[in-house]
Amino acid sequence: MEKPIEPAKEDCCNSGCNPCIFDIYEKQLTLYKKYLESGQSVNDNILQKNGISQLEYTAFNVVKNSPACHLHNCLIFKNVSEGSNKVRWKPGDHFLYKFNENKIACTRAYTPIEARIAQTEGDFSIIVKKYEQGLVSSHLYNLNEGDTTLWRGPYGHYELVANKFNRIIMIAQGTGIAPFKTIINAILNNEDDMTKIILFYCCKCENSILFREELYAFKSYWNFKYNIYLSSISTNNVINKYQEPINIHKLKIEYIYDLKPFVKSDQILICGSPNFNESYKTYLKSEVPEIENIVLF
Ligand SMILES: Cc1cc2nc3c(=O)[nH]c(=O)nc-3n(C[C@H](O)[C@H](O)[C@H](O)COP(=O)(O)OP(=O)(O)OC[C@H]3O[C@@H](n4cnc5c(N)ncnc54)[C@H](O)[C@@H]3O)c2cc1C
């Protein structure tokens, strides 16, 4: 077992992740000290063979960068070195991307999703939303095939346990759908998992609906129900497919209250901007105190 390397200050994305990379480092340091004392390597999940590491950066090349929808690109990454291990992560995890250009070094979190898009295979892919003034998102958005990028991970606090909850209610905003897509996939692909999923997905306009086809296909599962809410008032004439649940107005909190009664076996997941997350959490906590399991991403 090798001594873990302490992350640099800029390796933290400052998003309040739990666990933070410094927590991971502390945990590894404790394991390392135990190893020095006992001479025995401690079996820990994150030490298992994985094509990406929590403790140092791994290089991945961009193999495809294509539009996913308005202001969102889908980038596929692959480790091109020979014999590299498969990249693994849990549903809901994120990776950290290292930005280092023009003497600015920093890190940002992105959510890995399966990388099998139109015959292009990679180790993982991400959906990146380009923010007008966004330092790292603009840079990622404009990467070219063959560019080399640095990533570490996976990090995350969410544990998906089949049948632990009767209902998982998801409230997503924009790219916040990314971790939910992996969680939904995992539940629906496990035929022993009877968890019912109810998704409320908030988007700006029709052009910014991510995974529209996939969500529509999930609709055929008995245990998946969803609604999309478009907030932009300029959105008219949405072309829905047969019974595609697109609503041309914002999500109202009453729609969530309609799911009452809430019980201990319900879990609520919220993923959007920090404001979005906090306001839904606050509403729900004050109006429906019986909800115990609220997880923010
Ligand atoms: C766990 C986690 C997972 C994430 N996964 C993804 C993902 O899969 N895809 C993705 O595109 N982003 C994701 N993000 C957000 C991402 O980490 C960056 O914050 C985002 O790309 C903006 O970075 P930037 O350097 O371009 O913007 P900055 O230069 O940091 O900020 C520029 C401007 O953009 C605004 N801005 C920045 N971030 C946000 C935001 N999230 N919501 C609203 N306004 C914002 C700021 O107000 C600011 O005015 C995730 C964040 C976390 C914490």
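Residues are numbered from 1 along each chain as its sequence is written. Because the model is predicted, local features are reported only at pLDDT of at least 70 and side-chain atom pairs only at pLDDT 80 or more, whereas totals for chains, interfaces and linings use all residues.

The protein chain is assigned two domains, domain 1 (9–155) and domain 2 (167–296), with bounds that come from an automatic or database domain assignment. Their C-alpha centres are separated by 26 Å. Across the boundary, 11 residues of domain 1 are in contact with 12 residues of domain 2, where contact requires C-beta atoms, placed from the backbone, to lie within 7 Å. On the domain 1 side, strand 1 and strand 7 are the elements that give two or more residues, and this side comprises six nonpolar, four polar and one charged residues. In this classification Ala, Val, Leu, Ile, Met, Phe, Trp, Tyr, Cys and Pro count as nonpolar, Asp, Glu, Lys and Arg as charged, and the others, Gly among them, as polar.

An open antiparallel sheet is formed by six strands in the order 4-3-8-1-2-7. Helices (H or I, at least four residues) and strands (E, at least two) are DSSP runs numbered from the N terminus, and two strands are taken to pair if DSSP finds at least two bridges between them. Strand 1 (residues 58–69) pairs with strand 2 (residues 72–78) in the antiparallel sense over seven bridges, with N65 standing opposite L75 in strand 2. Strand 1 also pairs with strand 8 (residues 148–155), again antiparallel, over four bridges, and here T148 of strand 8 is the bridge partner of N61. Strand 8 is joined by four antiparallel bridges to strand 3 (residues 94–101), where W151 of strand 8 is the bridge partner of Y97.

Just after helix 1, G39 adopts a positive phi of about 80 degrees.

A further open sheet of six strands has parallel pairing and the order 12-11-10-9-13-14, with strand 12 (246–247) and strand 14 (293–296) as edge strands that each pair on one side only. Strand 9 (residues 167–173) and strand 13 (residues 266–271) run parallel and are joined by six bridges, among which R167 has D266 of strand 13 as its partner. Helix 3 (residues 177–188) packs on the sheet, touching strand 9, strand 10 (196–203), strand 11 (224–230) and strand 13, and its direction makes about 160 degrees with that of strand 10; axes are lines fitted to C-alpha atoms, for helices over the stretch in contact, and angles run from 0 to 180 degrees between N-to-C directions.

The ligand is surrounded by 20 residues, the closest being S15, A109, G134, V136 and S137; a residue belongs to this shell if its C-beta atom, placed from the backbone, lies within 6 Å of the ligand. Two or more residues each are given by strand 4, strand 7 and helix 2 (135–141), and strand 7 gives the most, with four residues. The shell divides into 10 nonpolar, eight polar and two charged residues, and draws at least three residues from each of domain 1 and domain 2.

Terms used
Contact = placed C-beta atoms within 7 Å.
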